[in-house]
Amino acid sequence: MSFRPFVVTVTRSERISPSFQRVTFTGVDDMGPAGPVHDLRIKLLIPPADGVLPDLSGEDGYQRWQQLPEHERGVLRTYSVRHLHRHPTGSEIDVDFVMHDGDDCGPACQWARDCSPGDQLIILGPGRDDDSRRGIEFHPREATSVQLFGDETAMPAILRILDEWPEGLTGSAHIEVPSLADRQHVNVPKGVRLCWYQRAADHGCALMSALCEHLDVGDESPSQDVASELVWETPSFSAAGEAITDSPCTDCYYWIAGKSSMVTAMRRVLVQEAGVPRANVSFMGYWK
C-alpha cells in the first residue's frame, strides 16, 4: 500500500442535494498530492461495528490490517476528493457520498448518513509532498481538447477536474444524475461546456447519446448486463492486458467513468466504432 493512513475527524456532514451527502474532515494537513488533485482516488476505511479503528501505522500496517478478523477490519471503499481546502489554521477535505435507499445503501452510504461531528475514520491517500500522481487518471498530455463523461459516482471527480482545468484546453463535461436537483455550482473554465442530464431511462443512456452525437455515429443503448470485472483502461494501464504504447495523445482526449457496464459500452463505441486511438482514452469502471 503506497498511500499513507490519515486518521481524520468529521467536522460537518450535510445533505447537499437529494442524492449527495457531503462530509468534511480535518486531520489532513499532511495529505497531498503535491500538484493538482484532479480525479484522485482515495481509500476510506469505514470503522467496524464497535467503532474501533485498526492500527495501520508503520510500513506493514496494511498487511497487518489484511490479517485481522473480518469483524475487526471495517470496510474499505474508494472515493474521489471533491475539495481539499488549505487554511492557515489547518486543512479540510470534502468527500461527497452518493446516497441510496433501502438495501442499496451500503456501509459507506450508511456511515455518511449517520455520522456526526467528532466521528473518525481512516483515509488512505498521498502525502503532501507526493508528486507521483498515483491514483490520478486524468492525463490529457498533448491533447488540445477534452471530453469528460460520468454518472453521479464520477461527478465529484469531474467537478474537481473542472476546478483545476489545464490552461489552454477546450472541451465539454457531461454528467448524468438521478435528479437535476443534484447539480452543483462550479466555475466552468473558458472554452468548456458543462452539460447536465437527468436520468430518464436506463443508466447511462443520456451519456451514450451525448457521446454518439459528439462522434456523429449511430446511437445505441448501454448494456445493462452486470460486468464480471471493473473495466479499467488508460493510456498507461490495461486491466484487460492490452499492449501499452507511448503514442502521444493528439487531438481529443476522452475521460469516462461510472457504472462499469456503461463505461464498457461507451468504450466500444469510441475505440471500435469511431477508431479513437487507445492513447487518447481513459475508461474507469467505478462500480458494478
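The model is predicted, so local features need pLDDT of at least 70 and side-chain atom pairs count only at pLDDT 80 or more, while totals for chains, interfaces and linings use all residues. Residues are numbered from 1 along each chain as its sequence is written, and side-chain values use heavy atoms, with hydrogens and water left out.

**Helix H6**
- Helices (H or I, at least four residues) and strands (E, at least two) are DSSP runs, numbered from the N terminus.
- After H6 comes Gly-275, whose phi is positive, near 70°.

**Gln-21**
- Gln-21 lies in strand E2 (residues 20-26), and it is buried, with a relative accessible area of 7%.
- The side chain of Gln-21 is joined to that of Ser-13 by a polar contact of 2.9 Å, and to that of Arg-15 by another of 2.9 Å; a polar contact is a pair of N or O atoms within 3.5 Å, where, within protein, one must be able to donate a hydrogen and the other to accept it, and residues adjacent in sequence count only if both atoms are side-chain atoms.

**Arg-199**
- Arg-199 is placed in the loop between strand E10 (192-198) and H5, and its side chain makes a polar contact of 2.6 Å with the side chain of Glu-176.
- The C-alpha atoms of Arg-199 and Gln-110, which are 89 residues apart along the chain, are separated by 23 Å.

Note on methods
Buried < 20%, exposed > 50% of the residue type's maximum accessible area, 1.4 Å probe, protein only.
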